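Take a look at the structure shown here.

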Amino acid sequence: MATIRKSARTTTTAPERPHPDATRRSQRSRQAIYDAALALVGEVGYPKTTIEGIAARAGVGKQTIYRWWSSKAEVLLEAFLDLGEQAVQGQGASYAIPDTGDIAADLKAVLRATVDQLYDPKFEAPSRALAAEGLVNEQLGREFVAKLLEPSLQLHVDRLRAAQAAGQVRPEIDPRIALELFVSPLAQRWLQHTGPVSYDYTDTLVDYALHGLAPR
């Protein structure tokens, strides 16, 4: 019987491949989920947006989403926060209400910019969805206010305080209440479709808020 002999081989160790960057992969997945959530809300509306749909659109398993968030509302809130951060970064600096020395002109300019954003397709659908969901989901509503609304309102407070220091607004005025004279009517009209929202409308809000309604 012939004997089969195994030929000796020189064993070489293959170069070790670098391990994938888990942090980078996670961030890519998160960004894909953000983009998918925002896109779906814009296309089919919030009620028809599902975790399954977001996962399929993002190319991830739904278990990946549930590992980071417990509901589609939480996904959308974080996606919208990320969208806002990207918008600020695109401006190259932290956003602030301009101070040209003319409080009326500055407030009118920022409210006009707000109108543009409210009707920007990227922002409108998720804004409405989060605002509506926040009315029935108390925890989400609190997060929506704390993370999205309050930082913006604080910018108005800061600008009004600067106007007080410049003698353009009475010193006893509470800026937090004063800003509601022009911010709240805009939000209500936009959310409830109670009337058209235009530059003329927001300019008028500022004039009424700064000059009052009584005869002068």
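Is Arg 159 buried or exposed? Arg 159 is buried, because its relative accessible area is 4%, and the cut-off for buried is under 20%. Keep in mind that this is a predicted model.

**Arg 159 and its surroundings**

Arg 159 sits in helix α7. Setting aside neighbours within four places in sequence, Arg 159 touches Ile 97, Pro 98, Asp 99, Thr 100, Gly 101, Asp 102, Ile 103, Asp 106 and Gln 168.

**Overall make-up**

The protein has 216 residues, and 31% of them count as buried. Its secondary structure consists of 10 helices and 0 strands. Read from the N terminus, the order of elements is α-α-α-α-α-α-α-α-α-α. The accessible surface amounts to about 14000 Å². Carbon and sulfur atoms supply 54% of that surface. Now consider contacts between residues at least 6 apart in sequence. Of these, 61% link residues at least 24 apart.

The table sets out the geometry of each pair.

| Helix pair | Axes | Angle | Crossing |
|---|---|---|---|
| α6 (residues 121-136) and α7 (residues 138-165) | within 6 Å | roughly 130 degrees | left-handed |
| α5 (residues 103-118) and α9 (residues 180-192) | 12 Å apart | about 20 degrees | right-handed |

Start with α6 and α7. Their axes cross at roughly 130 degrees, so the two helices are oblique to each other. On the α6 side, the contact is made by Ser 127, Leu 130, Ala 131, Glu 133, Gly 134 and Val 136. On the α7 side, the partners are Glu 138, Leu 140, Gly 141, Phe 144 and Leu 148. By class, this contact holds 6 nonpolar, 3 polar and 2 charged residues.

Next come α5 and α9. What is the orientation of α5 and α9 to each other? The two helices are roughly parallel, because their angle of about 20 degrees falls in the class for angles under 35 degrees. From α5, the residues in contact are Leu 107, Leu 111, Thr 114, Val 115 and Leu 118. From α9, they are Phe 182, Leu 186 and Trp 190. This contact divides into 7 nonpolar residues, 1 polar residue and no charged ones.

Ser 29 lies in helix α1. Ser 29 has 19% relative accessibility and therefore counts as buried, since the cut-off is under 20%. Which residues does Ser 29 contact, leaving aside its neighbours within four places in sequence? They are Val 60 and Trp 68.

Ala 39 also has its place in helix α1, which spans residues 22-44. Is Ala 39 buried or partly exposed? Ala 39 is partly exposed, because its relative accessible area is 23%. That value lies between the cut-offs of 20% and 50%. Along the chain, Ala 39 and Ala 125 are 86 residues apart. In the model, their C-alpha atoms are separated by 9.3 Å.

**In brief**

The predicted model has 10 helices and 0 strands. The α6 and α7 pair is oblique, whereas the α5 and α9 pair is roughly parallel.

Note on methods
Residues numbered from 1 in each chain as written. Predicted model: local features only at pLDDT ≥ 70, side-chain atom pairs only at ≥ 80, totals over all residues. Heavy atoms only, no water. Helix = DSSP H or I, 4+ residues; strand = E, 2+ residues; numbered from the N terminus. Buried < 20%, exposed > 50% of the residue type's maximum accessible area, 1.4 Å probe, protein only. Contact = heavy atoms within 4.5 Å. Areas by Shrake-Rupley, 256 points an atom, 1.4 Å probe, with all protein chains shown as cover. Axes fitted to C-alpha atoms, helices over the stretch in contact; angles between N-to-C directions. Parallel < 35°, antiparallel > 145°, perpendicular 65-115°, else oblique. Left-handed = near helix turned anticlockwise from the far one by under 90°. Nonpolar A, V, L, I, M, F, W, Y, C, P; charged D, E, K, R; others polar.
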